[in-house]
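Open the model in your viewer and keep the selection panel at hand. This tour goes from charge pair to charge pair, then out to a surface patch.

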Amino acid sequence: MAGGFIASSGGSPAFNAKMTVYVFICVVIAAFGGLIFGYDIGISGGVTAMDDFLMKFFPAVYERKKQAHEDNYCKYDNQYLQLFTSSLYLAALVASFFASVTCSKLGRKPTMQLASVFFLIGVGLASGAANMFMLIMGRILLGFGVGFGNQAVPLFLSEIAPAKLRGGLNIVFQLMITIGILIASVVNYFTSSIHPYGWRLALGGAGVPAVFLLFGSLLICETPTSLIERNKYEEGKATLKKIRGVEDVDEEYKSIVQACEFARQVKDPYRRLMKRESRPPLVIGLSLQLFQQFTGINAIMFYAPVLFQTVGFGNDAALLSAVITGSVNVVSTLVGIYLVDRTGRRFLLIQGAVQMLICQSVIGIILTKDLGVVGTLSKPEAIVVVVLVCVYVMGFAWSWGPLGWLIPSETFPLETRTQGYALAVSCNMFFTFVIAQAFLTMLCGMKSLIFFFFCGWIVKMGIFAFFFVPETKGVSIDDIRDTVWTQHWYWKRFMVRGA
């Protein structure tokens with residue numbers, strides 16, 4: 001499995017490369033960090049809807065849920081219940097800065113290995129929790145795993161991939177997130193009927209991909225960029241030949257060495273990020289993380305079982321509906337892998353925003369019109385809502401989902417790459433925390449108007465993508481500065497020659 005090509009685009013230099021079996025194996029193993037992240041996103045909503053879990057840790061929510069005339073929008077509104085979900089992302093925010101240091105000093109591979117260790121310890125605590133302290137501590141350690149994994153894996157994928165295939169290979173990370181969500185939905189469906197410890201099995205399932213990542217990472221290489229960055233020139237060149245499948249790697253090797261030499265001149269990367277010439281990748285990287293969360297996707301995915309119960313599905317039917325949306329998520333991400341290096345990043349961002357806006361608007365109108373504080377939607381209307389959620393998930397899965405991780409991982413120059421990406425990851429985790437902690441309260445207070453709240457953000461992100469996100473398709477990762485930023489109508493004014 002080795003297809004040859006010349007990786008080039010526009011003003012970017014041409015580098016010989018093949019898509020080798022070894023690179024494919026490295027990509028799949030590393031992307032298991034995404035599967036663990038996705039599994040957690042999917043498992044949280046299902047576990048928080050399980051009666052056994054609620055009775056043990058959140059009895060007040062359980063009693064409210066069982067009331068005869070429960071409030072459709074407020075029955076799960078509990079700050080501690082939301083803290084169960086959101087504490088992970090707050091921990092991941094903090095962890096991403098430590099992960100930035102380990103990525104630079106130790107490499108991408110050891111950072112992924114540390115992530116899997118944090119995952120395993122966190123899984124043990126959360127699934128074996130006897131009290132609230134153990135449960136939250138487990139979630140916090142899982143958060144450290146997410147922070148380390150989400151920092152290292154996208155960087156690893158972007159640096160190991162040939163330029164022509166970088167978009168598709170990087171999106172394998174997002175694909176594994178969606179597969180994790182789907183697996184979690186299936187696990188939730190079957191464990192919800194296992195009493196009284198089904199929730200323990202559901203939470204403990206995250207240990208399986210964590211073990212795979214830990215031992216699988218022993219088989220993969222470090223990226224050439226990371227090796228050369230740490231003065232391991234010969235090993236870096238040998239690794240470059242191995243992953244490219246060709247002997248003639250001199251031009252790409254020189255490009256990486258030049259980038260590393262320039263990076264060493266920067267003594268304070270975070271101060272460098274505050275300089276004018278760093279503004280384009282920083283603004284875009286942080287903005288994409290903000291917008292990715294305010295599409296409303298995690299509100300949908302965290303609480304899909306809860307949402308479907310709200311519109312009238314029973315508990316099992318709600319979990320089954322979440323399996324359906326998870327399947328749509330996986331298939332649509334595969335579409336994204338196919339399209340990203342063909343249509344480009346910018347087109348997918350704009351098209352996805354339009355599709356999500358239409359779906360959120362119609363869902364909001366249906367719920368505003370027909371779903372009161374009590375009662376349910378009619379069966380046809382409930383089915384329409386599920387279909388609209390699926391179409392919405394499609395739009396996200398091939399646009400803002402994968403590209404929110406891809407674009408920041410490829411646009412920061414080497415001298416600020418791990419630090420800039422750490423800021424992007426921490427920004428993502430912060431807004432994921434905000435949404436996870438606030439969504440159920442917002443749903444209770446705003447009711448169906450919450451969908452129009454997310455619509456407003458989708459309009460803003462579509463405009464932002466149209467005017468300010470440049471195309472990076474096919475451009476070598478170390479040539480983004482000269483090939484992309486200096487040619488953009490707005491961002492070129494920030495580029496200082498020789499900076």
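**Stop 1**

Select Glu159. Glu159 is buried, with 5% relative accessible area; the cut-off for buried is under 20%. Keep in mind that this is a predicted model.

Arg108 lies in helix H6 (residues 108-127) and Glu159 in helix H7 (residues 132-160), so the pair ties together parts 51 residues apart in sequence. Arg108 is buried too, at a relative accessible area of 0%.

**Stop 2: a second partner**

Keep Glu159 and select Arg417. These side chains also form a salt bridge, 3.1 Å from N to O. Arg417 sits in helix H22 (residues 417-446), 258 residues away from Glu159 in helix H7. Both Glu159 and Arg417 are buried.

**Stop 3**

Move to Lys241 and Glu247. They form a salt bridge, with the closest N and O atoms 3.6 Å apart. Lys241 is partly exposed, at 28% relative accessibility. Glu247 is exposed, with a relative accessible area of 61%.

Now select Arg108, Glu159, Glu229 and Arg417 together. Salt bridges with shared partners join these four into one network. The structure holds 15 salt bridges.

**Stop 4: a positive patch**

Which residues form a positive surface patch? Select Arg276, Arg279, Lys492 and Arg493 to show it. Zoom in on Arg276, in the loop between helix H14 (269-273) and helix H15 (279-293). Arg276 counts as partly exposed, at 39% relative accessibility.

Key. Residues are numbered from 1 along each chain as its sequence is written. This is a predicted model: local features need pLDDT of at least 70, side-chain atom pairs count only at pLDDT 80 or more; totals for chains, interfaces and linings use all residues. Side-chain values use heavy atoms; hydrogens and water are left out. Patches are made of residues with over 30% relative accessible area and no salt bridge: like charges are joined within 9 Å, nonpolar side chains (Val, Leu, Ile, Met, Phe, Trp, Tyr) within 5 Å. Accessible areas come from the Shrake-Rupley method with a 1.4 Å probe; for residues, only the protein chains shown count as cover. Lys and Arg count as positive and Asp and Glu as negative; His and the chain ends are not counted. The place of a charge is taken as NZ of Lys, CZ of Arg, CG of Asp or CD of Glu. Helices (H or I, at least four residues) and strands (E, at least two) are DSSP runs, numbered from the N terminus. Buried means under 20% relative accessible area, exposed over 50%, partly exposed in between (1.4 Å probe, protein chains only).
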